[in-house]
Amino acid sequence: MLLTISTTHQPATDLGFLLHKNPSQVQSFELSFGQVHVFYPEANNERCTVAMLLDVDPVALVRGKAEGSAEGGGLDQYVNDRPYVASSFVSVAIAQVFRSALSGKSKEKPELADAALPLVASVSVIPCRAGEDYLRGLFEPLGYEVTVTQPELDSKFGEWGKSKYYALTLTKNCKLRELLTHLYVLLPVLDNDKHYYVGDAEVEKLLRHGEGWLNNHPKKQDISNKYLKHRHSLVRQINERLAADESNEDLDAVAEKKEAEEESLERKISLNERRIGTVVSVLKQNNAHRVVDLGCGGGKLLKALLEEKEFSEIVGMDVSHRALEIAHQRLYLDRLPEMKRARIKLMQGSLTYRDARIAGYDAATLIEVIEHLDEPRLSALEKVVFKFARPKLVVVTTPNVEYNATFENLPAGKLRHRDHRFEWTRNEFQDWSHRIATTYGYKVQFLPVGDEDPALGAPTQMGVFTT
Ligand code: SAH
């Protein structure tokens with residue numbers, strides 16, 4: 001199996017710095033499934049090409065059965081396409097041999113690692129049962145100029161026809177890291193025999209390497225399904241995390257505009273501050289000292305809690321890594337004095353799975369979170385919070401949809417944020433809350449947050465659940 005990457009960025013031999021592989025040497029690496037050789041068929045000032053040649057050893061694969069891809073006891077475990085097709089082995093090889101380039105780092109040329117370079121990648125033998133259009137559909141949305149050919153099986157025997165495998169060439173001006181992450185994720189998607197065990201770690205890898213592009217890819221569902229070998233629980237995790245990342249895009253520079261839209265809707269009343277102020281005073285009134293903020297997002301409430309000494313233990317939980325990173329920065333967790341730092345903790349987790357880590361707190365808050373979950377997930381969350389975590393106090397806030405009529409810039413019927421699955425009227429929220437209270441043995445009271453309109457109510461509605 002052969003992968004080549006060329007550049008004409010001058011001096012082209014800088015490619016060697018980016019890959020941490022000297023263009024004048026041939027280097028070989030032993031991996032569990034065979035050998036990988038890295039060498040440069042051409043390396044001059046104008047043009048430089050690196051080649052990664054994988055020499056998969058089918059016999060070694062059968063011996064190390066746990067890792068082997070071949071199934072059954074027949075000859076096919078020795079005689080198969082593994083040694084020459086681009087498969088998940090290529091991903092493993094990229095990750096091991098080009099590790100720093102894959103993560104976008106370069107000690108010698110950091111600015112070059114961050115620059116868009118003219119790159120051409122060729123992969124010699126690609127299995128793709130779904131055909132050429134599918135192959136194009138994976139790479140073209142990422143901005144590549146794609147060339148696909150189906151070589152003849154043997155040029156001496158034209159009647160044998162074409163190979164069932166494809167040769168692929170991708171051309172784009174982009175960072176080397178981008179190209180490598182796309183290959184890393186998408187080559188195994190094309191290969192039905194992903195050779196390694198697919199577990200939780202693969203979810204993390206897919207999210208890490210898919211960052212910045214997977215969520216916008218038209219085939220994202222298909223890519224996740226195939227990358228995770230159709231393991232439903234993992235695919236569900238990915239979907240949930242991607243959806244949450246989407247809802248956190250408003251924290252991201254790319255989607256700043258969207259955030260500005262929602263904020264300007266609510267600015268007049270600086271609703272956000274009043275919401276947080278109300279939550280903090282409800283917590284104080286109820287003598288809550290140990291608080292878990294569920295779906296903490298970028299940590300606005302956490303920041304307010306941290307300023308008040310009586311909150312002795314503060315935990316922020318969110319399903320989105322991105323949100324937690326932002327919270328980490330906004331709270332300056334790396335720079336806090338020790339005493340303060342000891343009072344706060346962030347953790348990644350989903351509110352749709354029972355989680356012992358969120359049990360036993362005085363209070364839990366769900367601030368502008370429930371409207372981000374669709375129906376089946378919301379009912380999972382109800383159980384997770386009110387039945388299993390079961391704090392003495394739960395504070396829930398959510399938009400009051402009736403109030404939307406006062407937002408001049410919001411077209412009728414449109415929700416305040418594109419990731420909201422629903423926005424409720426006061427009656428709808430109160431019905432839901434009463435049902436929760438009855439089912440799980442809580443009392444509930446309602447508070448308006450923000451300036452009340454006499455007919456439409458307040459912009460935010462709050463339910464305070466106590467046992
Ligand atoms: N409470 C914050 C953020 C609200 S946005 C604030 O008031 O600013 C909604 C948050 O819920 C997002 O950060 C999103 O990642 C998180 N979220 C969505 N679904 C979740 C789930 N299943 N588990 C945990 N968090 C979730």
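Analyst: In this predicted model, the side chain of Glu 423 reaches the backbone nitrogen of Arg 416 at 2.7 Å. Glu 423 belongs to the loop that lies between β12 (393-399) and α17 (426-440). A polar contact of 2.8 Å also joins its side chain to that of Asn 404. Glu 423 is buried yet has no salt bridge. The nearest side chain of opposite charge is that of Arg 416, 4.3 Å away, whereas a salt bridge requires a side-chain nitrogen within 4 Å of a carboxyl oxygen. Leaving aside residues up to four places away in sequence, Glu 423 touches Pro 399, Val 401, Asn 404, Leu 415, Arg 416, His 417 and Glu 428.

Turning to the sheet, it is open and has 7 strands in the order β2-β3-β4-β1-β5-β7-β6, with antiparallel pairing. Because β2 (27-31) and β6 (145-149) stand at the edges with a single partner strand each, one side of each is left without a neighbour in the sheet. On average, neighbouring strands of this sheet are turned by 15° against each other, direction ignored.

Helix α3 (residues 88-97) lies across β1 (2-7), β2, β3 and β4 (48-56), and runs at about 125° to β4. Helix α7 (residues 176-190) lies across β1, β5 (117-127) and β7 (165-174), running at about 15° to β5.

Terms used: Residues are numbered from 1 along each chain as its sequence is written. This is a predicted model: local features need pLDDT of at least 70, side-chain atom pairs count only at pLDDT 80 or more; totals for chains, interfaces and linings use all residues. Side-chain values use heavy atoms; hydrogens and water are left out. Two strands pair if DSSP finds at least two bridges between them. Helices (H or I, at least four residues) and strands (E, at least two) are DSSP runs, numbered from the N terminus. Axes are lines fitted to C-alpha atoms, for helices over the stretch in contact, and angles run from 0 to 180 degrees between N-to-C directions. Contact means heavy atoms within 4.5 Å. Buried means under 20% relative accessible area, exposed over 50%, partly exposed in between (1.4 Å probe, protein chains only). Lys and Arg count as positive and Asp and Glu as negative; His and the chain ends are not counted. A polar contact is a pair of N or O atoms within 3.5 Å; within protein, one must be able to donate a hydrogen and the other to accept it, and residues adjacent in sequence count only if both atoms are side-chain atoms.
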